Amino acid sequence: MSGNSTPWDQLLFQPPICEGWKQNVEGAPYHLGNCILLLGYMGGSGIFGSIYIFSLLATGYICYTLWGWLDACGLDIFMWNILLVMACLLQLAHLIYRLRKDTFLEEFDLLYKTLCQPLQVPFEVYKEIVKCCEEQVLSLARDQNYALEGKTPINRLSLLLSGRVRVSQDGQFLHYVFPYQFLDSPEWESLRPSEEGTFQVTLTAETDCNYITWPRRKLYLLLAKDRYIARLFSAFLGYDISEKLYALNDKVFTKFGLRFDIRLPSLYHQKCLGRRVHDTE
């Protein structure tokens with residue numbers, strides 16, 4: 001090669017050749033660090049996978065730091081690995097902070113997996129919904145009333161998490177509310193944001209119940225601000241009300257034992273038709 005060759009030319013075409021290998025091996029911290037780094041790079045994805053990776057990386061770089069200080073006696077090796085350890089620890093602190101910030105009560109985690117995850121609702125959107133109910137889980141003791149007919153104002157929207165609630169009117173049983181159904185979806189849909197009203201039914205806990213509730217005004221502000229959340233609640237409430245209507249439909253029978261379908265003409269028409277058939281016979 002000519003004397004004008006660059007360091008890159010010398011590295012590629014005239015690589016340095018080891019004239020003699022060291023007879024002694026590096027110390028235990030060096031080999032331990034290699035093993036720990038290998039395990040660290042086997043980590044998975046997600047926040048827990050990242051915590052696993054950076055925990056082992058920090059441990060491996062600590063081993064390299066000890067090796068550079070005790071065996072290699074290299075200041076550059078020591079300083080570089082100290083910097084890498086600090087970077088890993090800062091990343092770990094950030095991940096743990098995110099984990100604590102995104103941690104909910106067990107009931108809210110289960111609610112997300114049951115209602116929102118199947119619809120692929122982003123977790124950031126779900127956090128806004130939970131924030132609106134102040135991340136509080138309320139309870140009803142057995143035989144305690146959630147609402148009284150003609151007395152309780154309609155000023156909130158609640159979702160049952162556990163237990164069973166009986167809905168009645170004038171002392172007559174209508175239907176049950178089961179977990180992950182709204183307690184007062186018909187009342188919510190019956191009023192405009194500017195209107196006031198009271199419950200036309202009585203809701204009583206048949207077992208110990210847990211539920212979450214959104215204040216009416218606060219939820220209206222959230223729905224007005226975020227159209228995606230508004231469409232989401234519209235879908236949830238529509239499905240919930242249809243389930244309640246079909247539950248009521250199962251209880252309604254004509255005089256002759258025929259099931260009355262809410263999608264067909266009125267019950268009065270069915271009774272009149274049955275009376276005519278009876279008269280002709």
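**View 1. Buried residues of helix α2.** In this predicted model, Gly 33, Ile 36, Leu 37 and Gly 40 are the buried residues of α2. Down the axis of α2, these buried residues fall within an arc of 100 degrees, so they line one face of the helix. An α-helix has 3.6 residues a turn, so residues three or four places apart point the same way. The cover over the buried residues of α2 includes α3 (46-70). Exposed Ala 28 and Leu 38 sit on the face turned away from the buried side of α2. The helix runs over residues 28-40, 13 residues in total. Its first and last C-alpha atoms are 18 Å apart, close to the 18 Å expected at 1.5 Å a residue.

**View 2. Two annotated segments.** An unreviewed UniProt entry lists residues 47-70 and 77-97 as "transmembrane region". Residues 47-70 are 100% helix and 0% strand, with end C-alpha atoms 35 Å apart. Residues 77-97 are also 100% helix and 0% strand. Here the end C-alpha atoms lie 31 Å apart.

**View 3. The largest nonpolar core.** This core has 27 residues. Leu 157, Phe 182, Trp 214, Leu 219 and Phe 233 touch the most other members. At least two core residues come from each of α5 (106-116), α6 (123-132), β3 (156-162), β7 (209-215), α8 (216-225) and α9 (227-249). A second, separate core holds 17 residues, including Ile 154, Leu 203, Ala 205 and Tyr 211.

**View 4. Surroundings of Phe 182.** Neighbours within four places in sequence are left aside. The contacts of Phe 182 then include Leu 157, Leu 159, Val 177, Trp 214, Phe 233, Phe 236 and Leu 237. Ser 158, Asp 240 and Lys 244 are also in contact with Phe 182.

Methods: Residues are numbered from 1 along each chain as its sequence is written. This is a predicted model: local features need pLDDT of at least 70, side-chain atom pairs count only at pLDDT 80 or more; totals for chains, interfaces and linings use all residues. Side-chain values use heavy atoms; hydrogens and water are left out. A nonpolar core is a set of buried Ala, Val, Leu, Ile, Met, Phe, Trp, Tyr and Cys residues joined through side-chain atoms within 4.5 Å. Buried means under 20% relative accessible area, exposed over 50%, partly exposed in between (1.4 Å probe, protein chains only). Helices (H or I, at least four residues) and strands (E, at least two) are DSSP runs, numbered from the N terminus. Contact means heavy atoms within 4.5 Å. The expected span of a helix is 1.5 Å times one less than its number of residues. The arc is that of the directions from the helix axis to the C-beta atoms. UniProt positions are given in the numbering used here, feature names are shortened, and annotations may be inferred rather than shown by experiment.
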